[in-house]
Amino acid sequence: MTTNVAIVDKCPSRNNYSKYFDFEFELFHLSNEPITKLLKKNVTLTKDEFDPDFYDFVILVGSEAAKEYAKVTSVTNYAGQLIRDKFICISNPSMLTFKPEGKPDFERSIERVKAYVSGVLKSPLTLGDFKGIVDTVEAKEFLLEVLELAVDKVGMDTETTALYPRDGYVLGVSITYKKGHGRYISTDALDEECLELLQKIIDKFDIIFHNMKFDIKMMEYHLGVVFRRDHVHDTMVLHYILDENASHSLKHLAIKYTSYGDYDSQLQEFKKEYCRENGVLEDDFTYDLIPFDIICVYAAIDTAVTFELFEKFLPIVTNNTKFSSVYYSLLIPGTLLLMDMEEAGIPMSEERLKASDQYLEDSIRLAKEKIYEFKEIRAFEKDQGAIFNPNSVQQLRKVLFDYLGLTPTGKLTATGAISTDAEVLEELSESHPLPAAILRVRQLGKIRNTYISKILPELDKDGRIRTNFNLIFTTSGRLSSSGKFNAQQIPRDDPIIKGCIVAPEGYSIVSQDLQTGEMYYAAVLSGDKNLQKVFLDKGDFHSSIAKMVFALDCVVEAVKELYPAMRQSAKAISFGILYGSGPDKVASTVSKATGEYYDVDTAREDISAYFTKFNKLKKWLKSREEFIRANGFTYSFFGRKRRLVNVFSSDKGIAAHEIRSGINSEVQSICSDVNLLGAIDTANELKRKNLDARIIMLVHDSIVGVVKDEIVPEYCEILKRNTQKDRGCSIPGCPIGVDQEVGKDYSFGKWNKTYKLEAGSLSRI
């Protein structure tokens with residue numbers, strides 16, 4: 001029987017699809033003319049010319065075709081996946097020239113297309129035995145079956161009504177103990193005896209999750225079970241080790257690595273239809289709105305996919321000593337630490353939050369009034385017949401460059417338009433006061449909208465905010481934060497948010513920071529003895545660097561006062577070289593920091609002098625560049641692999657950026673990992689000694705804890721000792737330096753020095 005296949009792409013091109021497919025097909029173009037950006041009006045392909053129903057399979061090339069026929073907005077996530085039993089999306093092969101990192105995924109999607117067309121791959125719902133359980137007797141029988149027949153591992157997953165344990169509840173638990181099999185048990189069917197059996201399963205087998213800190217928190221909080229910390233696995237973490245650049249979502253991995261593909265597409269269609277018919281926003285949709293007979297099969301497949309991914313990923317990780325160490329010694333313990341941090345929560349002062357909210361509202365109003373005093377704003381509003389909105393990029397461009405006549409800085413957005421971001425406004429403020437006034441409104445609005453307005457309604461009953469900390473969402477290895485509170489983006493210059501993080505009565509906030517961590521580990525990795533000597537000699541780091549590089553005729557302690565520009569130059573070069581900064585960037589940084597013009601030629605000379613003194617650092621940076629350029633990857637000290645295939649891009653700018661990113665990640669990841677390991681060891685020691693202290697945040701190079709007042713000295717000693725532990729990456733005789741602060745709030749007194757709180761009203765001192 002002949003299989004009819006069509007290929008639809010954006011427009012005529014040099015793509016030769018016969019190079020990839022050995023079956024017959026008909027080729028169609030959305031536009032019959034070559035075009036860069038396809039708009040609706042440019043589509044010339046009509047229904048009379050192309051009827052998808054005539055074909056058994058339609059291969060959609062690129063985002064335009066995917067969106068037009070399969071209603072798919074991300075080809076990357078759906079590449080090689082059968083959609084509605086007809087459409088299969090693939091990336092445009094011409095993109096591989098500019099982004100060679102996409103080649104493995106492209107080749108994988110091509111093989112899946114061939115498998116579907118040949119009949120080797122079938123619809124995902126026919127691939128196994130998946131059912132739902134609502135009866136307690138049946139639930140008990142299945143749990144006994146798992147207990148008896150499972151070999152060494154069991155996959156688990158939950159369906160819930162919320163993203164946080166205190167905001168919702170568990171609808172059901174999915175369990176898979178063998179390939180191609182899964183059951184989804186409604187929690188209504190789990191009586192006390194069933195929960196005891198579930199605990200026995202947890203105690204007996206390795207339990208596999210995809211995003212385990214979410215499911216463990218949910219199950220322990222709502223079902224009362226307890227997981228063994230040394231017998232849990234996470235396929236999301238495993239995949240991050242194997243490909244830190246890609247999406248780690250279960251759906252994406254199912255499409256990419258299993259035969260189940262886009263198995264929950266019908267569930268997603270139900271969700272969209274329900275929202276459309278009932279006037280519900282998709283962001284407000286919860287899974288309790290899905291009938292059990294619809295959700296049960298897809299929920300059961302979740303764990304079947306997780307089970308298969310584990311069997312595929314774990315052997316690859318364990319067969320590589322670096323990967324294995326990262327997984328077992330760093331990322332799994334780190335994930336469990338973050339899970340405990342999230343559960344501990346961040347203590348907030350509701351009184352301070354409310355007072356800060358009112359203060360910001362009043363400040364924004366006054367700042368806007370100041371903007372409207374400028375004659376250029378009044379002229380704009382008169383001409384446009386509209387009220388000026390400082391958050392409107394289009395209006396702002398008109399005011400700044402047409403009405404004020406300012407010269408653009410040259411910075412552009414990703415789309416090539418003139419930028420009006422904070423950096424641009426700050427630079428333009430040197431020429432006119434209006435940009436500074438607009439920047440003030442934006443900054444105040446961002447603080448209020450990003451923090452105060454989000455935190456107040458999300459506080460739990462114990463006055464704490466519980467948010468997400470993520471280990472696997474950055475390629476550099478640094479932590480990120482998301483959800484109700486972004487702990488990585490707390491304003492540094494204004495203590496208004498930090499001051500709202502207040503320790504409970506009888507406790508203190510303790511924060512520990514690494515001292516010039518990136519430069520310390522650059523000295524370790526490069527083996528540069530001169531740079532290491534700066535740390536061995538103690539003293540102010542940047543002053544010491546300046547004295548050494550520029551042969552200044554004073555003691556180190558006097559450099560900051562006598563030679564501020566040279567100290568700033570040394571600082572800019574020290575950090576800049578790790579990020580690939582050249583003379584232009586260094587000159588700009590020093591000029592801004594000192595308020596005095598620092599020319600590019602001087603910056604070039606200073607960089608040369610810097611590398612003359614720290615020649616081995618220069619050689620190390622060069623060697624790392626050459627290694628990355630030749631291999632397209634690098635390893636961190638602790639074994640993380642950073643894949644950098646874009647170094648092979650034909651675009652020299654992309655290739656150069658990739659090299660800088662690789663060198664930067666080597667230094668950044670070691671800082672982050674030393675901090676993480678120090679926090680892990682500290683948390684474990686606190687548990688062993690049953691000390692009343694909890695780590696609540698990891699922020700950049702800081703570890704933040706809430707500590708009972710009486711044990712603050714002991715806690716500080718434990719934290720410092722574990723952070724400075726010799727892990728094979730220290731300067732002999734000189735562990736990484738740390739700074740510790742103790743106070744009743746996270747601003748450590750700066751809030752009280754800046755603001756005055758009286759009768760619930762906040763004012764600036």
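I began at Ser481, which, leaving aside neighbours within four places in sequence, is in contact with Thr467, Asn468, Phe469, Asn470, Asn486, Ala487 and Gln488; contact means heavy atoms within 4.5 Å. A reminder to myself: this is a predicted model, where local features need pLDDT of at least 70, side-chain atom pairs count only at pLDDT 80 or more, and totals for chains, interfaces and linings use all residues. Residues are numbered from 1 along each chain as its sequence is written, and side-chain values use heavy atoms, with hydrogens and water left out.

**Ser481, continued**

I placed Ser481 in strand 15 (residues 480–482). For helices (H or I, at least four residues) and strands (E, at least two) I use DSSP runs, numbered from the N terminus. Is Ser481 buried or exposed? It is buried, with a relative accessible area of 9%. My cut-offs are under 20% relative accessible area for buried, over 50% for exposed, and partly exposed in between (1.4 Å probe, protein chains only).

Next I looked up the side chain of Ser481. One of its polar atoms lies 3.2 Å from the backbone oxygen of Phe485, and the backbone nitrogen of Ala487 lies 3.1 Å from a polar atom of that side chain.

**Helix 14**

I moved on to helix 14 (residues 393–403), where the buried residues are Gln395, Leu396, Val399, Leu400 and Phe401. An α-helix has 3.6 residues a turn, so residues three or four places apart point the same way. Which helices do the buried residues of helix 14 pack against? I found helix 13 (375–384), helix 15 (422–428) and helix 16 (433–458).

Tyr403 also lies in helix 14, and it is partly exposed at a relative accessible area of 26%. Its side chain makes a polar contact with the side chain of Asp383 at 2.8 Å. A polar contact here is a pair of N or O atoms within 3.5 Å; within protein, one must be able to donate a hydrogen and the other to accept it, and residues adjacent in sequence count only if both atoms are side-chain atoms.

Leaving aside neighbours within four places in sequence, the contacts of Tyr403 include Glu376, Ala379, Phe380 and Gln384. Tyr403 and Glu376 are 27 residues apart in sequence, yet 6.0 Å apart in space, C-alpha to C-alpha. After helix 14 I noted Gly405, with a positive phi near 70°.

Most residues other than glycine have a negative phi, and most peptide bonds are trans. Thr516 is in the loop between strand 16 (507–514) and helix 17 (517–526), and counts as partly exposed at 24% relative accessibility.

Ala551 also has a positive phi, near 50°. I found Ala551 in the loop between helix 19 (541–550) and helix 20 (556–562), exposed at 63% relative accessibility.

**The whole protein**

Zooming out, I noted 27 helices and 23 strands. The radius of gyration is 29 Å, close to the 27 Å that the globule rule gives for 765 residues, so the protein is as compact as a globular protein of that length. That radius is taken over C-alpha atoms, and the rule is 2.2 Å times the number of residues to the power 0.38. Buried residues make up 53% of the 765.
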